[in-house]
Amino acid sequence: MGQCLSPCCEKQGLNSPVSSIGDTGHPNHSRTQYLAGIPVSDSKENCAEPNPPVTTPNSEWKMFTPYPKLPPIKKQGVGVETKRLSLMSNQVFENKILSLFDNYKDKNEDCILADGIERLCMDLEVKPEEFIVLVLAWKFGAETMCEFKRSEFVQGCKALKVDSLRGIQSKFPELIVEVRDKQAFKDLYRWTYKFGLDSASGQRTLPTDMAISLWKLVFSQNEPPVLHRWLEFLEKHTSIRGIPKDTWDMFLNFTEQVGEDLSSYDDTEAWPSLLDDFVEFENDRHNQNVTAD
C-alpha cells in the first residue's frame, strides 16, 4: 500500500513502525510511519481519524518540542547611564557657578554686594556703570542695584550656560545683539525702573536724579534725539523730585512716536502730565528763540 498523502497525515511525524488490522480481519503488517512521534498507518482509514499516540514502557519516541521564543536582547542600561552622566555633569557645572559666586560674595551676607560687584566687574574687564553690566543684571533677574543674590547669580549663569569669568565675557556680544531687538529692549527698559528703586526702604517712585542716570545708561547704545532736551528739562525743574512708573514707561513710547521737533505730539492723547509740561516748555522756548531772531 502507498503512503497516505492527505493533510491529516502530513501533519504527523516519523518515529517507529506499528501493525494495523486490514479489511480482511487479518493482521496487516503494513508500513507505518511516524510523524513527530505519532504513529500513522499508510491505510486510508487512518486519514479520516488519526490514531492516538501509542506509548509503551519501552518506547523511546518523544514529542517534538519547539524552542521557546528567546526574549529580546536588552540594552545594558544605556538610558540610565546617560542620565547618570548628565546629572553628574550638571552637578559639576553648578558647583563651578557656586564657587564663582563665593569668590565675590559678602563675608556677612549670602549675596554679592557693592564691593563684590566692583571686583567682579574688574575681573570681567568692564566698569560698573557700563551698559553691558546693566544688561547682565537684567539677564540675571537682579531685583536690587549693586546686589546679586545667590539664586539670581546661579540661575543667571545657568540661563547663559556659563560657569566662569571667561564664559560670562564670551556672552557680552550676544547680549548686546539681543537687546537691539525692539521687544527685548522694551523688557530691559521697563525692568530698569524697578532695578533702580530702593526696595529695602519700600521706595515706589524713582528719584529724579536716579532716573536721569538710568535714562542716560539705558539709552547709551541708541540715544533718541529728544533725550538730551528731556533730561535738561528735568534738571532745570528741581521741583520734580520723582518719576512715576507710568511716566518712565510712556517715555519710551514718546521717543518712538514723537519726532525730534515734537511736531507730531498730540496733547489729546493720554500722555502723562509731565510729558505735556515738557512739550509746552519746549514749544515756549522755541517761540522765544523765533521772536528773538
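Axes here are lines fitted to C-alpha atoms, for helices over the stretch in contact, and angles run from 0 to 180 degrees between N-to-C directions. Helices (H or I, at least four residues) and strands (E, at least two) are DSSP runs, numbered from the N terminus. This is a predicted model, in which local features need pLDDT of at least 70 and side-chain atom pairs count only at pLDDT 80 or more, while totals for chains, interfaces and linings use all residues. Residues are numbered from 1 along each chain as its sequence is written, and side-chain values use heavy atoms, with hydrogens and water left out.

Let us start with a pair of helices. Helix α5 (residues 131–139) packs against helix α9 (residues 182–196) at an angle of about 90°, and their axes are 10 Å apart. That makes α5 roughly perpendicular to α9, a label given to angles of 65 to 115 degrees. On the α5 side, Phe131, Leu134, Val135, Ala137 and Trp138 meet a set of α9 residues that includes Leu188, Trp191 and Phe195. The residues of this contact divide into 9 nonpolar, 1 polar and 1 charged. Contact means heavy atoms within 4.5 Å. Ala, Val, Leu, Ile, Met, Phe, Trp, Tyr, Cys and Pro count as nonpolar, Asp, Glu, Lys and Arg as charged, and the others, Gly among them, as polar.

Now follow α9 itself. Its 15 residues should span 21 Å at 1.5 Å a residue, and its end C-alpha atoms are 21 Å apart, which agrees; the expected span is 1.5 Å times one less than the number of residues. Among the buried residues of α9 are Phe185, Tyr189 and Tyr193, where buried means under 20% relative accessible area (1.4 Å probe, protein chains only). The buried residues of α9 pack against α5 and also against other elements, including α8 (172–178), α10 (208–218) and α12 (245–257).

Helix α10 brings us to Thr208, which lies in it. Thr208 is buried, with a relative accessible area of 7%. Not counting residues up to four places away in sequence, Thr208 touches Leu234, Ile240, Arg241, Gly242 and Ile243.

Next, helix α6 (residues 150–160), where Glu152, Phe153, Val154, Gly156, Cys157 and Leu160 are buried. Cys157 has a relative accessible area of 0%. Just after α6, Lys161 takes a positive phi of about 60°.

What about the cysteines? A search of the whole structure finds 0 disulfides, a disulfide being a pair of cysteine sulfur atoms within 2.5 Å. For Cys121, the nearest cysteine sulfur is that of Cys146, 8.9 Å away. Cys121 is buried, with a relative accessible area of 4%.

How values were computed:
Angles under 35 degrees count as roughly parallel, over 145 as roughly antiparallel, 65 to 115 as roughly perpendicular and the rest as oblique. Buried means under 20% relative accessible area, exposed over 50%, partly exposed in between (1.4 Å probe, protein chains only).
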